[in-house]
Amino acid sequence: MQTFLEFEKPIAELEGKIEELRHLTNAGDINIADEVAKLQAKVDKLLRQTYAKLTPAQKVQVARHPNRPHCLDYVHGLIEDFTPLAGDRHFAEDRAVIGGLGRFRGRSVVVIGQEKGNDTETRVRHNFGMAKPEGYRKAQRLMDLADRFKLPVVSLVDTAGAFPGVQAEERGQAEAIAKSIERCLRLNVPMVASVIGEGGSGGAIAIATADRVLMLEHAIYSVISPEGCASILWRSSDMAGEAAIALRLISQDLKELGVIDHVVSEPIGGAHRDPAETIRKLGDCIEESLGELDGLDGVTLRAKRREKFLEMGQKGLG
């Protein structure tokens, strides 16, 4: 069942009328098919107009849309013969982080991603995509595996942030994230990261410190959530809209700032309206990015990756 966001109410009303007409038979001079076609044209036009001028706060809503394709949707759509690998070999398995081996368009790869879940049961099982230290240590183990067998790493970022619970802090959350970032920087194989929904804080950067960072058009990527930022700066989450603007968390701003490398366009109305097309488009961009990195040795990859992120800091300070 399609979920409509608050700013999509006019679209929802039109699509409701279309559904009503589809359950009617032709009566008198009214041709149902013609009426449906006219209303559908209005919906398409309204979708284009609405999504062409989304505010940062509205983009946050789209990035969090419950029907938006998640990590496992991309894995199932892009990775053949996927073999999941579990556990960090230290404490436990963290289901918020999906990882394993597979074949991406004929190329063997290591896949690491954050899975939010699609319903109440799966969201609880995957802890809403918020990883604990064991999740980031599992990511490090998979990156070690990638280095050992000379396999490129493909990561799929979709998290509100690392899990903030007391137990996670007790087990070394900050250290696990820092080590994961460090491991990304030390990789001797190509790494392509894609922000497919929310890219929140260190929880996202831990698996996104890559040679190429791709981002879906209506995804977000920021140091903190707009609500968290507003609570700190204004002592009220009611200012989340202003915080979203100030954070410059949308893909177009981040491309301009040099934080990401490429914006992947989404179907009209967002990824949730045509998941298959979104997955295909992202796959094309990942394939292109991996092709650009082919032939580079480990020393060159590490040096270029290091310079890429140092340049962001220097540009920011400047």
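Which residues does Glu266 touch, not counting residues up to four places away in sequence?

## Glu266 and its neighbours

With residues up to four places away in sequence left out, Glu266 touches Arg68, Leu216, Glu217, His218, Ala219, Ala271 and Lys281, where contact means heavy atoms within 4.5 Å. This is a predicted model, in which local features need pLDDT of at least 70 and side-chain atom pairs count only at pLDDT 80 or more, while totals for chains, interfaces and linings use all residues. Residues are numbered from 1 along each chain as its sequence is written, and side-chain values use heavy atoms, with hydrogens and water left out.

Glu266 sits in the loop between strand E8 (262–264) and helix H13 (275–293); helices (H or I, at least four residues) and strands (E, at least two) are DSSP runs, numbered from the N terminus. Because its relative accessibility is 5%, Glu266 counts as buried (under 20% relative accessible area, with a 1.4 Å probe and protein chains only). Its side chain makes a polar contact with the side chain of Arg68 at 2.5 Å, and the Glu266 side chain also reaches the backbone nitrogen of Ala271 at 2.7 Å. A polar contact is a pair of N or O atoms within 3.5 Å; within protein, one must be able to donate a hydrogen and the other to accept it, and residues adjacent in sequence count only if both atoms are side-chain atoms.

## His218

His218, in the loop between strand E6 (212–216) and E7, counts as buried because its relative accessibility is 3%. Not counting residues up to four places away in sequence, its contacts include Arg68, Glu266 and Gly270, as well as Tyr51 and Leu54.

## Pockets

The largest pocket holds about 360 Å³ of space, and among its 17 lining residues Ile205, Tyr221, Val223, Val259 and Met312 lie nearest its centre. On a 1 Å grid over the protein atoms alone, a pocket is an open set of points with protein on both sides within 12 Å along at least five of seven lines, a cavity is a set where a 1.4 Å probe fits but cannot get out, and lining residues have an atom within 4 Å of a point. Grid points are joined across faces, edges and corners, and a volume is the space filled by probe spheres set on the points. Helix H9 (201–205) gives the most to this lining, with three residues, and the lining as a whole divides into 12 nonpolar, four polar and one charged. Here Ala, Val, Leu, Ile, Met, Phe, Trp, Tyr, Cys and Pro count as nonpolar, Asp, Glu, Lys and Arg as charged, and the others, Gly among them, as polar.

The second largest pocket, with a volume of about 160 Å³, has a lining of five nonpolar, three polar and four charged residues; Arg64, His65, Lys116 and Glu198 are among them.

## Cavities

Two cavities of 30 Å³ or more are held in the structure. About 50 Å³ lies in the largest cavity, to whose lining strand E5 (191–200) gives the most, with three residues; by class, that lining has four nonpolar, five polar and one charged residues.

The second largest cavity has a volume of about 40 Å³, and its lining divides into nine nonpolar, no polar and no charged residues, including Tyr74, Leu78, Phe104 and Ile286.

Methods
Buried means under 20% relative accessible area, exposed over 50%, partly exposed in between (1.4 Å probe, protein chains only).
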